[in-house]
Amino acid sequence: MAAGRVQDAAMPSTTPLRTARRLDAVKRSYIREILKVTADPEIISFAGGLPSPDHFPVQAMDRAARAVFAEEGAQALQYAVTEGFPPLRRAIAARYRTRFGWEVNPENVLVTTGSQQALDLLGKVMLDEGDGLLLERPGYLGAIQSFSMFAPRFATVGLGDTGPDTAEMAGRLAERPKLFYCVPNFQNPSGATYSAEARQAVRDLLAGSDTLLVEDDPYGELRFLGEDLPPVAQGVENAVLCGSFSKILAPGLRLGWVVAPDDLYAKLVTAKQAADLHTPSLTQRIASRFLAEEDLDAHVETLRGVYGHRRQVMVEAIGREFPEALEYTEPEGGMFLWCRLPDGLRSEDVFHEAIREKVAFVPGSPFYLDGSDGAFRLNFSNAAPERIEEGIARLGACLRKVV
């Protein structure tokens, strides 16, 4: 090598890097890894938590984007305030007032780069190493991964079809965890929804507690059956509520938000400034224009019809194709249902057989902190009805081999 020549940057380093220990206990996203496997177009995938791209409001978003560039293009391409575009924050607050009669102050709405960032910011602000953190069991994989970065002391509370085990939750709250993270509407992965009675029971348990309720509600508007129920956070003093446009508009916008009380809000703003200064002003303004000039309610109603039909097709196909010994949820909304295998069977074993038959799902173990594996998650929003029927038939054949 000539003297003074810089080593090829593409060559691997022979000296190990001293990376942060905090990543040692954080696993890569199981679902993101599965999506690599399901890139094969012959595979019918029920694995990803994806909305249907066939029903993105492309033309309406195009109109909104054109209007933004025509009327406020320079501002949309400039740096912006950390808290978020004020008209968008007002629109988010107004939607809570319209849906639930809940007067949310726009000054308490922080726009985030997807609701996943809201979890990251809450972890940074609230969690020191070893702090207690209470989750549902099974729990949302993205939250487990995000909070694991801060090395908390995890605890879980069992989740049934209509809410958490309140007796177990009372015992866990006696240990004074810093946070209780939950997804009361059409939970990921189980599809479970807290009943009105369960919501009030959780509020009662948290009354006077210094445990912060972190309610995540990305699916709440996608209800097919029953009546909308107010957030658990509505009526809890120490609470934050996270939301997202990913499931009702488009995930590519990467727009979420968190509603937080004043003192916590100020700390979240500081953490966000350190993370990314602000969520892209361009996508914020496009979404704001969409909300002002297009009919979001009509679009959501379309999604409810499409996803509700696909959910029904999947439920009926499971009833025909799966062994009777297998139990499954029948969600009132959202994007997922949860299948429980008979005792002694592992979904990992079924998964490998299913991949050979060109159908995919998410095994249950990533949703449990202890690696339990007696269930699996199916997504119904991102497959056409005929693909759902064919995929469930393939999966049913796999299950009959092992059940």
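Me: Is the crossing of α11 and α12 left-handed or right-handed?

Reply: The model is predicted, so local features need pLDDT of at least 70 and side-chain atom pairs count only at pLDDT 80 or more, while totals for chains, interfaces and linings use all residues. Residues are numbered from 1 along each chain as its sequence is written, and side-chain values use heavy atoms, without hydrogens and water. Helices (H or I, at least four residues) and strands (E, at least two) are DSSP runs numbered from the N terminus. A crossing is left-handed if the near helix is turned anticlockwise from the far one by less than a right angle, and right-handed if clockwise; that of α11 and α12 is right-handed.

Me: At what angle do α11 and α12 pack, and which class does that give?

Reply: Axes are lines fitted to C-alpha atoms, for helices over the stretch in contact, and angles run from 0 to 180 degrees between N-to-C directions. Helix α11 (residues 347-356) and helix α12 (residues 385-402) have axes 9 Å apart and an angle of about 135°. Angles under 35 degrees count as roughly parallel, over 145 as roughly antiparallel, 65 to 115 as roughly perpendicular and the rest as oblique. The arrangement of α11 to α12 is therefore oblique.

Me: Which residues of α12 make the contact with α11?

Reply: Contact means heavy atoms within 4.5 Å. From α11, Val350, Glu353 and Ala354 take part. Their partners on α12 are Leu395, Cys398, Leu399, Lys401 and Val402.

Me: Is Arg223 buried or exposed?

Reply: Arg223 forms salt bridges with Asp228 (3.4 Å, N to O) and with Glu332, where the closest N and O atoms are 2.8 Å apart. Buried means under 20% relative accessible area, exposed over 50% and partly exposed in between (1.4 Å probe, protein chains only). Asp228, at 35%, is partly exposed, as is Glu332, at 32%. Arg223 has a relative accessible area of 7%, so it is buried.

How values were computed: Salt bridge = Lys/Arg side-chain N within 4 Å of Asp/Glu carboxyl O.
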